[in-house]
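Visitor: I would like to walk through this model with someone who knows it. Could you take my questions one by one?

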Amino acid sequence: MSVAKKQYKRVTTKSLVDMKANGQKISMLTAYDYTMAKIVDSAGIDVILVGDSASNVMAGHETTLPITLDQMIYHASSVVRGIERSLVVVDLPFGSYQSDPKEALRSAIRIMKESGGHSVKLEGGKEIKDSIKRILNAGIPVMGHLGLTPQSIYKFGTYTVRAKEEEEAEKLLQDALMLERIGCFALVLEKVPAALAQKVAESISIPVIGIGAGGGVDGQVLVTHDMLGMTHEFNPRFLRRYLDMYEGMTNAFKQYNADVKSKDFPNESEQY
Ligand code: KIV
């Protein structure tokens, strides 16, 4: 088997760094429950992110801010029960790490102990450096997240592309270098210009996983419900839909409704 096609029995933080070194792209998708995680894992996706996007996708909130640590632990433990191979990364939710490093560590420990997840993800750069260091010092792997960081949506005011101006781009690059230096194993870059994302990926040895960050990075992540076409109201340029599940599910529900009402379901062979 060639090195570039190496299949990992279990994906670890180290395998991801090796994959980057070998030029092997990394696939990452979100999951928030057992059944979805089992399908994503068995399809060979390298990393499953229990994203705080659960706040939008699962709970129907407008932003990722309301989801709690307890709710993230519930989603993450369901995901962990469904996987055999993928690395599970769990988002630390808004309010669980920003106030001080001790609280950040307590939150990360709860995620690791109570959900069985393999690592945590935090949004931000130098502002949260001490919290990230504290978590890393406890032996918990950390994935960074820069660019559009949805937990700061009320500061940004909009979900548009970040770091288009030189000053913000330079800060982002410095933050990425810092995250690598202190020991993060990977980094998500969300909605930034492709050229900047490629520059960041070429400047650091840890993998950069992009969402709306172009093809010059080391891997890609999408929200599973979006790529399956379950959320048809969300149409950013970066989203490729692999199914139209909204349509497929709606048709199935309509057919079931009609079958129940017409007494077609259940038939002879569907009863005892
Ligand atoms: O919460 C999430 O799903 C994320 C991805 C968009 C990277 O952070």
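**Ligand site, helix packing and backbone**

Guide: Gladly! Let us begin at the ligand, where one of its oxygen atoms is 2.5 Å from an N or O atom in the side chain of Ser53. Keep in mind that this is a predicted model.

Visitor: How far is an oxygen atom of the ligand from an N or O atom in the side chain of Asp52?

Guide: Asp52 is one of the residues that surround the ligand, and the list also includes Thr30, Lys121, His145 and Glu190. Between an N or O atom in the Asp52 side chain and an oxygen atom of the ligand, the distance is 3.0 Å.

Visitor: Which residue has a polar side-chain atom 3.2 Å from an oxygen atom of the ligand?

Guide: The surroundings of the ligand include Leu49, Val188, Ile211 and Val223, and Asp91 is listed there too. The residue with a polar side-chain atom 3.2 Å from a ligand oxygen is Asp91.

Visitor: Are α6 and α8 roughly parallel or roughly antiparallel?

Guide: Helix α6 spans residues 129–137 and helix α8 residues 166–182, and their axes are 10 Å apart. They pack at an angle of about 25°. Angles under 35 degrees count as roughly parallel, so α6 is to α8 roughly parallel.

Visitor: How many residues of the contact of α6 with α8 are charged?

Guide: From α6, the contact has Lys129, Ile132, Lys133 and Leu136, which meet Met178, Leu179 and Ile182 in α8. These residues divide into 5 nonpolar and no polar, and the number that are charged is 2.

Visitor: Is the crossing of α4 and α5 left-handed or right-handed?

Guide: Helix α4 (residues 69–80) packs against helix α5 (residues 101–115) at about 35°, with axes 9 Å apart. Leu69, Asp70, Ile73, Ala76, Ser77 and Val80 in α4 meet Ser107, Arg110, Ile111, Glu114 and Ser115 in α5. That contact divides into 5 nonpolar, 3 polar and 3 charged residues. As for its handedness, the crossing of α4 and α5 is right-handed.

Visitor: Which residue does a cis peptide bond join to Phe265?

Guide: Most peptide bonds are trans. Here omega is about -5° for the cis bond. Look in the segment after α11 (245–261), where the partner of Phe265 is Pro266.

Visitor: Where is Ala163, the residue other than glycine with a positive phi?

Guide: Most residues other than glycine have a negative phi. Phi of Ala163 is near 60°. Its place is in the loop between α7 (153–156) and α8.

How values were computed. Residues numbered from 1 in each chain as written. Predicted model: local features only at pLDDT ≥ 70, side-chain atom pairs only at ≥ 80, totals over all residues. Heavy atoms only, no water. Axes fitted to C-alpha atoms, helices over the stretch in contact; angles between N-to-C directions. Helix = DSSP H or I, 4+ residues; strand = E, 2+ residues; numbered from the N terminus. Parallel < 35°, antiparallel > 145°, perpendicular 65-115°, else oblique. Contact = heavy atoms within 4.5 Å. Nonpolar A, V, L, I, M, F, W, Y, C, P; charged D, E, K, R; others polar. Left-handed = near helix turned anticlockwise from the far one by under 90°. Near = heavy atom within 4 Å. Polar contact = N/O pair within 3.5 Å; in protein donor to acceptor, adjacent residues only side chain to side chain.
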